[in-house]
Amino acid sequence: MFVKDPCGIICVLVTYAAVLYADYVVIRWIVLQTMFNSLWGPFNAVAFNTIVFFLIMAHIRAVFSDPGVVPLPQSRVDFSDIHSAETGCEHVDWTVCTRCEMYRPPRAHHCRICKRCIKRMDHHCPWINNCVGERNQKYFMQFLVYVAILSGYAITLVVVSWIKECPDCDPTILIKQSRIMHCIILLLESALFGMFVAAILVDQLQAIFGDETGVEQVQHKGPYRAHKSKYALLSEVCGQQHPLMWLLPCNSTSRRFDTPLIDYHI
Ligand SMILES: [Zn+2]
Ligand SMILES: [Zn+2]
């Protein structure tokens with residue numbers, strides 16, 4: 001599944017460029033310049049690149065995984081009996097999508113960019129060029145967490161490299177100026193992306209704990225649902241495994257979503 005949306009494709013490329021630039025500055029201008037003769041150098045290089053690896057894994061899974069597209073019916077659906085009592089008696093909360101011309105399960109919404117109905121759709125995110133829905137919200141949140149961690153880590157490295165005395169550093173003025181310039185750009189980039197993802201992460205957690213997707217928040221549907229614990233609501237999104245596993249982008253969450261669809265054939 002890959003959405004052909006120019007804005008989304010540009011945002012995905014900007015994301016990779018920003019992450020690669022941060023990695024370049026940390027390795028070339030911080031680790032190799034200020035930590036080359038201490039054990040902190042290899043430690044920070046490995047730790048930073050491990051977070052980059054998890055970030056990109058989570059991002060790739062969020063971009064390419066199916067967010068929960070409701071399959072189209074095999075044949076055209078007859079909506080003439082839509083208001084009759086018999087139709088959908090066991091599926092009263094199913095709604096009709098006039099664009100896809102089909103019945104869709106509760107909490108599914110139509111995305112105008114993906115041009116399909118998405119189960120438990122939260123919003124369409126250009127940064128992953130995909131919808132955030134039932135099947136990939138976990139990967140989207142992992143991506144946000146890793147961007148937040150990476151931003152905090154990069155800011156810490158820049159600040160420490162400025163504060164700490166560095167007698168062995170290259171005294172050449174040109175090298176010093178380049179290092180300062182790259183560090184300032186990295187600082188601004190990290191602060192900007194860090195605050196941005198932190199705000200979205202808080203928003204996502206509020207939506208999960210309120211049992212409302214981004215789309216439903218407008219409609220205030222959460223308060224009418226049965227009360228569930230915060231842990232239960234989080235594991236609906238992240239999976240039933242141990243919470244420590246929630247941060248690993250290599251875990252599949254697809255098993256629990258196989259709800260049968262109604263097919264109303266003519
Ligand atoms: Zn639709
Ligand atoms: Zn979408």
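**Group meeting: helix packing in a predicted model**

Let's start with a contact. In helix α3, Met141, Leu144, Val145, Val147, Ala148, Ser151, Gly152, Ala154, Ile155 and Val158 meet Cys183, Leu186, Leu187, Ser190, Ala191, Phe193, Gly194, Val197, Ala198, Ile200, Leu201 and Gln204 of α4. "Meet" is a contact: two residues whose C-beta atoms, placed from the backbone, lie within 7 Å. The residues of this α3–α4 contact divide into 17 nonpolar, five polar and no charged. Here Ala, Val, Leu, Ile, Met, Phe, Trp, Tyr, Cys and Pro count as nonpolar, Asp, Glu, Lys and Arg as charged, and the others, Gly among them, as polar.

Some ground rules. This is a predicted model, in which local features need pLDDT of at least 70, side-chain atom pairs count only at pLDDT 80 or more, and totals for chains, interfaces and linings use all residues. Residues are numbered from 1 along each chain as its sequence is written, while chains are lettered from A and ligands numbered from 1 in the order in which they are written.

Now the whole protein. It has six helices and six strands. Those are DSSP runs, numbered from the N terminus: H or I of at least four residues for helices, E of at least two for strands. From the N terminus, the order is α-α-β-β-β-β-β-β-α-α-α-α. Of the 266 residues, 32% count as buried. A residue is buried if 20 or more other C-beta atoms lie within 10 Å of its own, exposed if 12 or fewer, and partly exposed in between, with C-beta atoms placed from the backbone. Take the contacts between residues at least 6 apart in sequence: 69% of them join residues at least 24 apart.

Back to our pair. Helix α3 covers residues 137–163, and packs with α4 at an angle of about 145 degrees, axes 8 Å apart. Axes are lines fitted to C-alpha atoms, for helices over the stretch in contact, and angles run from 0 to 180 degrees between N-to-C directions. α3 passes α4 in a left-handed crossing. Left-handed means the near helix is turned anticlockwise from the far one by less than a right angle; clockwise would be right-handed.

What about α4 itself? It has 37 residues and reaches 53 Å from its first C-alpha to its last, close to the 54 Å expected at 1.5 Å a residue. That expected span is 1.5 Å times one less than the number of residues. Its buried residues include Arg179, Cys183, Leu186, Ser190 and Phe193. What covers the buried residues of α4 includes α1, α3 and α5 (214–219).

So where does α1 touch α4? Ala18, Ala22, Val25, Trp29 and Gln33 in α1 meet Arg179, His182, Cys183, Leu186, Glu189, Ser190 and Phe193 in α4. That contact divides into seven nonpolar, three polar and two charged residues. Helix α1 (residues 6–34) and α4 (residues 173–209) pack at about 140 degrees, with axes 10 Å apart. That makes α1 oblique to α4. The cut-offs: under 35 degrees is roughly parallel, over 145 roughly antiparallel, 65 to 115 roughly perpendicular, and the rest oblique.

α1 has another partner. α1 and α2 pack at about 175 degrees, with axes 10 Å apart. That makes α1 roughly antiparallel to α2. The contact of α1 with α2 divides into eleven nonpolar, five polar and one charged. Helix α2 runs over residues 40–64, and its 25 residues reach 36 Å, close to the 36 Å expected. Its buried residues, among them Phe48, Phe54 and Leu55, pack against α1, β6 and α3.

Now the loops. Most residues other than glycine have a negative phi. Arg120 has a positive one, near 50 degrees. Arg120 lies between β4 (116–118) and β5 (123–125). Is Arg120 buried or exposed? Buried, because 23 other C-beta atoms lie within 10 Å.

Compare Glu101. Its phi is near 55 degrees, also positive. It sits in the loop between β1 (95–97) and β2 (102–104). Glu101 counts as exposed, because it has 12 C-beta neighbours inside 10 Å.

Last stop: Gly133, in the loop between β6 (130–132) and α3. Gly133 counts as buried, because it has 29 C-beta neighbours inside 10 Å. Among the residues it touches are Pro67, Gly68 and Arg120. Asp122 is eleven residues away along the chain, yet the two C-alpha atoms are separated by 5.6 Å.

Definitions and conventions:
Lists of a residue's contacts leave out its neighbours within four places in sequence.
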